[in-house]
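Please look over the structure below before reading on.

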Protein chains: 2
Amino acid sequence: MAMAKTSPNLVVTTADVKSMRVAITQDGQFKRKFVANKLFVDQQITQAIEVPTPKDGGGGYTHERHKKNYQLMYDTGITYQLTQDDQYAHYVRDMLLTYAELYPTLPLHPKRKMGKQNPGKLFWQSLNEAVWLVYTSQAYDLILSSLTVEEQATIENGLFRPMVKFLSVESPETFNKVHNHGTWTTAAVGMTGYVLGELEWVEQALYGLDKSGKGGFLRQLDELFSPQGYYNEGPYYQRYALMPFVTFAKAIQTNQPERKIFEYRNGIVLKAIDTTIQLSYNQLFFPINDAIKSKGIDTIELVNGVTIAYGLTSDTGLLDIAKQQNQIVLTGDGLKVAQALDNNLATPYQFNSVALGDGNDGRQGALVIMRQNVGGEQALLFKPAAQGLGHGHFDKLTWQFYDKGEEIVSDYGAARFLNVEAKYGGRYLPENNTWAKQTIAHNTVVVDEKTHFNGSVKKGNKHHPELLFFETNENITISSAKIDSAYPGVSLTRTMALINLEHQEQSLVIDVFDVKSTSNHQYDLPVHYKGQLISTSFELDTQLTSLGVLGEANGYQHLWLKAQAQPNAGLAQITWLNDNGRFYTSSSIMDGDASFLFTQIGANDPLFNLRNENAFINRKATSKNHTFVSILEPHGEFNPAKEFTVNAVSRVQTLSHQKNKDIDIVELTTTGGKRYLLAFNAAENVNNKQSNTFLFNGTKYQFSGRFKWFEVK
Amino acid sequence: MAMAKTSPNLVVTTADVKSMRVAITQDGQFKRKFVANKLFVDQQITQAIEVPTPKDGGGGYTHERHKKNYQLMYDTGITYQLTQDDQYAHYVRDMLLTYAELYPTLPLHPKRKMGKQNPGKLFWQSLNEAVWLVYTSQAYDLILSSLTVEEQATIENGLFRPMVKFLSVESPETFNKVHNHGTWTTAAVGMTGYVLGELEWVEQALYGLDKSGKGGFLRQLDELFSPQGYYNEGPYYQRYALMPFVTFAKAIQTNQPERKIFEYRNGIVLKAIDTTIQLSYNQLFFPINDAIKSKGIDTIELVNGVTIAYGLTSDTGLLDIAKQQNQIVLTGDGLKVAQALDNNLATPYQFNSVALGDGNDGRQGALVIMRQNVGGEQALLFKPAAQGLGHGHFDKLTWQFYDKGEEIVSDYGAARFLNVEAKYGGRYLPENNTWAKQTIAHNTVVVDEKTHFNGSVKKGNKHHPELLFFETNENITISSAKIDSAYPGVSLTRTMALINLEHQEQSLVIDVFDVKSTSNHQYDLPVHYKGQLISTSFELDTQLTSLGVLGEANGYQHLWLKAQAQPNAGLAQITWLNDNGRFYTSSSIMDGDASFLFTQIGANDPLFNLRNENAFINRKATSKNHTFVSILEPHGEFNPAKEFTVNAVSRVQTLSHQKNKDIDIVELTTTGGKRYLLAFNAAENVNNKQSNTFLFNGTKYQFSGRFKWFEVK
C-alpha cells in the first residue's frame, strides 16, 4: 500500500517525471540516454542481488560492489519512474531490504584507519557511506510510492534510521566539520530527512547537530567558498565537494523553496559551479594540491552541477560545457539540457583571466588564472592562494603553464594511484607527503632546502599570501603577490605576467621572483618542465656513469642530480620540446654565481611509486637578497610526421632587470630587433591612479597605477 | 610560343585535367581541396621569389626554403592547369629561370658530409636534390605548354640538364645503387627524361647507367621488395621509398603503357602500397629499424600511394585508409578518391595477421604481424627479419606489442630529432649507433652483453633468421623462428603466440625463447615496457640514493640500474600500467638462479639526447642452454576520471614449460580455474601433416602439424 507523501520529490519531482515520460517517446538525446540506461539496468537486474559483508578497502571487491549498488539502485529507480514498470521498483526494494537486514549487524569496517579517516560500516571510511546515502536516499524516494507501509518501515528502521544516526549523532565531529566530508554527511542526512519526513534531520543538516549554525550545510556554504565561489581545497576537491552542495541545494529548493537556497550568499552555489569550470584547461582541472590529474569537466559531479545550473539559469554558455561533457542526466534539468542541445542552443563558454580570492572573505590570497586572448591556447595558473586544509600543498606563489592542450610547466598533483590496491591500497602514497606536498615539488622558491611553514599544515592554514594586484587587458595579464610567513625572516614577492607581443601567436611569460632576507640563505627556484631537453646556451656538467641524490629531506631526497652548470653572468637559456610539438625556452638572468641543477624524480623510491619527471633548479647558494628574473617563451614547431621544424630557436636576445625605488623594470630585446620594457610597482598599498616615473638608459618613463608595457622603437 | 608536346603528361595527364576542371565547379572534397590550395598559392605568389644560395644543413633556412620552393612550384603548376590563369604559370616560370641562373654556378654544398652521404648542390645530400627534381619535373611539365621555346631552352639547359647530369653520370654510385636513394634518383632522372623527351634517360633510369639491368628502377623493384611487397629496410623507409616507386611508375604508365609497369613482378608496386598499410597500428608505422615514431599512414608518400592504387584498382578498402589520411591529392586519381569518398563508397580496410617474407626472394626471414581477431585492438610484431641495410637494427627475433592504441612493449625507434638543428643538426644522433641500434635496446636476447653480429652491418646483411613456421586461425596466431649466426656458437629460437582465450576480450602473448650453446654465456632478455611499474610478485632491491650504470658498451653504457631482484623458482610477475588505462602483467618462469634488472635509459648521455624509458631484463648469468618462458597479459582498467579500477591483478596462476623431444609444452592455469596447454613443434622441416604425440602428466596428447592449443577441463 502506497502512502500519500509526494514521491519523487528530491532532485527529481513528479512534475519532472511527467515531462520526462513524454520526452522518452520522442527522438533526441534524452531518449537515447534513457534507452541506454534501461538497457544497462535490464541486464543488471537479471543478476542476483549482491550485498556482500564489508571486507575490502578502496578498489577491492566489496568496496566496489557497494558503490555499484547505489548507482544501480538509482538507475533502476529512475527507470521505474519513467517506465512505471513494477519490476524495477521491486528490484530496488529487494536490494534495500537486503541492506536493511545486513546494516544493523555491521560493526565498524575491518579496513578502517583509526585516527586518520572516520570509519564507516559499509566502507572503510564514513565519507563513502555518506556518498552511498546521498544516492540511495534518492533511489528510495524514486520507488517510495510503490512500497507497502510495512516495507517502508522495514527499510527505514533497518537501514536509513540507523545509518543517519551513525553518520550524525554518532559521528558529531564529521557531521559538524566544515569540510567536504561534512558536506557529504549533511547532504546525506538532510536528503534522507526530506524523504522520511524527518525535518529535524534537515534542520541539523543545515545548522549542525546542535542547530546553532556553527556547523552544518549553511556554515559550509559560508566558509568553504570564497565570495567568487572558489573552494579553498582547490578544483580537484571543489569538483568533488560540488556534488553534495548542488544535490542537497536542489533537494532543498524542491522541498522548501522558501529557503531560497540558490540565492543564499549572493548565489554562491551557482558561482561555485561556474568557478569549477573556470578552473579547467583543455577539459582538465588545474591539478593543484592533492589532485588526480585526469579529472576534468566531464566528471559526474560537474555534469550534475552544470545540469542543475542550466535548469535554474538557462545560460546557453553552460550548454557548451554540457556538450563537451557529453553526458545527459535523467532528471528534469537533464531533460532541459538535452532538449537545448538537440536544438543547438549552445554558445561558446567564456573562459576568463581572473583572480579568484581565497578564503571565506575572499581576502586570504587568491588563485590567479591568466589566459591568452588571442587563440586561447595558453593558460598560466599563479597560486598565491591559502593552504587549503589537509590536502593543500606547500606551494605558495607557485605557477603552472599550459599550451596547445598540454602541461608545459607542471605540478606533480597527488602521489596516488586511485583504487589500485597494489599501490598502497589505492590511497595516498607515502610519497604524497615525502614528495608531492613538499615545496621543491612545485615551481616556487625553496629556502635552505626546507618546505614552506616547515611542512606544518596547521601553520600553513594560519597564514596566507597577500595578493598585491591583478590586472588584465587585451594583451597583458599581470599579477603580483607576496608572503613573509612561509619562512621565518624571508620575504617572497613574485610578479608574473602573460604578455601577447604584437603579431605573435603565442604569449610570453615574464616572471620576477624577489627574495629578501636580512641573513644569508640558499634559494632554489625549480621549473618542473614537461618534455625533452633540447639545448642549453651554456655547458652542462652531466653525470655520466653515476647518479647521486640531491638532498636529504623535504622532497630533495627524491631527486636524482643529473647535471649541473654555472652559466656566465648574462642570459642563460634552456630549451625543451613538448609532446605537443612546440618548443619552450626559459631565459634567465644569471649573475655568474647562481647555478642550474637538472634533476629527475625517482631517488628513494623503493616501490617505483613516483613518476620520473624532470626539472631544472635555479640555485643561488648564499645570499641575503636575490631576484630571479626569467621569461618563458613558446616557439616554433617540431613536426616529424610532416618532416619540418621551424623556429626551434628562442627569439629572446637580451633580458635585463633593474629596480628603481618601488619600480621593477624588465627590459627585453628580441632577434627581430624589437625592444620592450615592462615596468611595474609591486609595493603594498599602491592605488590605481598613482603616478610612477622612472629613468631608464637616460630616458624618462611614466605610468599610472600598477604597470605599463612599453614598446620602445 | 608553346611546343607541340603533350603537356601535362606525367602523374597528371591532359585527360585528368579535363575532368578536374569540371570537378572544381561542383561541390565536394576535390573542390574544397582545390580552393584551399589556390588560397595558399595566391598568398604565396604575392611574395618575392626566394632562391637563396645553399648554405644550411637540414632544418636550416636555405634547406627548408628550397624544399618549400619545389612544393610551391608544384602547387602553383597544378593551379595553373586547373584555372588556366597565366599568372600561375609565370610564377613557376620565373622561379625556374632563377634556379636556371643559380644552378650552374653552384659548387658542392658547403654542409656536405663527405664519405657518408653523397653531397648535393642545392642540399647537403644528393637525396634531397633528387626529391626536389621529382617534384620540380612535374611542376615543369604542368606549365610547359605556357613557355616559349627560348624559355624552355634556358630552363632545361641551365637547370634540368645539368641537374640530371649531376645526379646520373656524375654520381654513378648513387644512381646505380639498389637502395632508396637510388630510387629517388632514377625516378627524378626518368621523369625529367619523359618531360624533356630524353628517352635515353628513361632507359638509364630503368636499367642503370650502362643499361645492363644491374642497376636502375626495375632492378630496385626486383631487389628491394619481397614478393609480398615488404621493403627490406622496414616500414619507415618503405613509406619513404614508396613515393618515387609509385610516382615514377605512374609516369611510366602514362608515357609508355606498353611497359605494363604496374603488372611488373606480379604487381609488386601495388603490393608494396598495401603492405605499407598493413605495417601500421593505430595509424602509425611499426617503428622497427631507424624509424621516426610519429610517422604514419597520413604521410604524403602513402597518400599518393593510396591515391594511385585506388585509381588503378577501385578497391573500396583503400578508401577507408584515404578517409583516415584525410588529404585529397589534386590529380586525376585524387579526383576519383574524392568522388568515391563523397559518395561514401569506403568499406573497412582489412588488417591481417601475416608473415611478410623478407629479401628479394621472400625467404630471408620474415616480419610477422599478429593481430587480434576479436576487437582488433591488439597487435604483436615479431621480427625474424633480415638486417635491412644500413638503417637496420641488431634486433633479430625482437618483438613489440600494442594495445588500445598504445605501445606496450616498445621499440626505441631511431635516436634522432628530425631537422632540429640543436640536436646534432637534426641528423641521426651519435646515440643512434651507441644505443638505438644495439641489441639491448630491443626485446630480444643479448649474449654476453654483445650486440648481434658484433654490430657489423656487413655481417648482418649476410645472414638472416629463418622463419620456421607461421600459422593463424580465429583464436591463435603463432610463429617460430631461429638464428644461429647472430652470435658464434649460440643458437636462438623463439616462438611467439597471440592467443585469444575463450570469452576474454584481450589476448595473451606466450613467448618461448630457447637459447642453446655448447659453452657458458650470460643471457639477457629485456622487455622495454611503456608505463608505470605497479607491482612485482617478488621483492625488489632498489637503488635508493645512488644509481650506477649497467655496463660498459654495446648500449649497456646508457642504462641506469634502478633495481634488481632474484625471485624464487616458480612464477615471477611484473605488472605495469599504461597511459591507455590498462594493466599489463608479464609472468615468467624463473629457475631461482636467474634475476631481473630494472633499468632506465639515460646514462652516458651528456646532452640529454635519449628518452628516459624503462625496461626490465631477465638475466641468466651463466648457462649453456636456457629457455625464457613468459606470458604477457593485458587486464583490467584504471579509470581515475571515473574513479574505478577493475581487474588490476593478473589472472595467470601457474605457468610451466617442458620439452618433450621436439615438442614444447607450455601449461597455463588461471585464477578462474581453467587449465590450458600450448604444444608446438619448432623443429626444422616439419610438414603440415606431421603427427605429434606427447605425454603430459600421464595423459597422452596428439596433434598434427606445428601446434595445438588444448583447453583442459
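What follows is a short report on a predicted model.

## Overall build of chain A

Chain A holds 17 helices and 30 strands. Along the principal axes, the C-alpha atoms of chain A fill a box of roughly 90 × 55 × 50 Å.

How much of chain A is buried? Of its 713 residues, 62% are buried. Take the contacts in chain A with a separation of 6 or more: 65% of them come from residues 24 or more positions apart.

## Symmetry of the two copies

Two copies of a chain are related by a rotation about an axis and a shift along it. Here the rotation is 180° and the shift is 0.0 Å, which superposes chain B on chain A with an RMSD of 0.0 Å. The two copies are therefore related as by a two-fold rotation axis.

Which residue of chain B has the C-alpha nearest the axis? That residue is Leu547(B), at 2.4 Å. Both copies use the same surface, as 100% of the contact residues of chain B recur in chain A.

Pro640(B) sits in the loop between β23 (637-639) and β24 (644-646) of chain B. Is Pro640(B) buried or exposed? Its relative accessibility is 12%. The cut-off for buried is under 20%, so Pro640(B) counts as buried.

Beyond residues up to four places away in sequence, Pro640(B) touches Ile292(A), Ser294(A), Lys295(A) and Leu418(A). Within chain B, Gly581(B) is 59 residues from Pro640(B) in sequence. Their C-alpha atoms are 8.8 Å apart in space.

His391(A) is in the loop between β5 (379-383) and β6 (398-403) of chain A. Its relative accessibility is 15%, so His391(A) counts as buried. The C-alpha atoms of His391(A) and Asn232(A) are separated by 9.9 Å, although the two residues are 159 residues apart along the chain.

What does His391(A) touch, leaving out residues up to four places away in sequence? The list is Glu233(A), Tyr237(A), Asn289(A), Asp290(A) and Tyr428(A). With Tyr237(A) there is also a polar contact, side chain to side chain, at 3.2 Å.

## Aromatic pairs and a cluster

Over all chains, the whole structure has 65 aromatic pairs. One of them joins Phe538(B) and Phe596(B), whose ring centres are 5.5 Å apart and whose planes meet at 5°, so the pair is stacked. This pair links distant parts of the chain, 58 residues apart. Phe538(B) belongs to the loop between β14 (532-536) and β15 (541-542) of chain B. Phe596(B) belongs to strand β20 (residues 595-601) of chain B. Phe538(B) is buried, with a relative accessible area of 11%. Phe596(B) also counts as buried, at 1% relative accessibility.

One aromatic cluster takes in residues from chain A and chain B. From chain A come Tyr529(A), Phe538(A), Trp576(A), Tyr584(A), Phe596(A), Phe598(A) and Phe616(A). From chain B comes Phe608(B).

Conventions: Residues are numbered from 1 along each chain as its sequence is written. Chains are lettered from A and ligands numbered from 1 in the order in which they are written. This is a predicted model: local features need pLDDT of at least 70, side-chain atom pairs count only at pLDDT 80 or more; totals for chains, interfaces and linings use all residues. Side-chain values use heavy atoms; hydrogens and water are left out. Copies are superposed by least squares on the C-alpha atoms of residues with pLDDT of at least 70 in both. Contact means heavy atoms within 4.5 Å. Helices (H or I, at least four residues) and strands (E, at least two) are DSSP runs, numbered from the N terminus. Buried means under 20% relative accessible area, exposed over 50%, partly exposed in between (1.4 Å probe, protein chains only). A polar contact is a pair of N or O atoms within 3.5 Å; within protein, one must be able to donate a hydrogen and the other to accept it, and residues adjacent in sequence count only if both atoms are side-chain atoms. Rings of Phe, Tyr and Trp (its six-membered ring) pair if their centres lie within 6.5 Å; planes under 30 degrees apart count as stacked, over 60 as edge-to-face and the rest as tilted.
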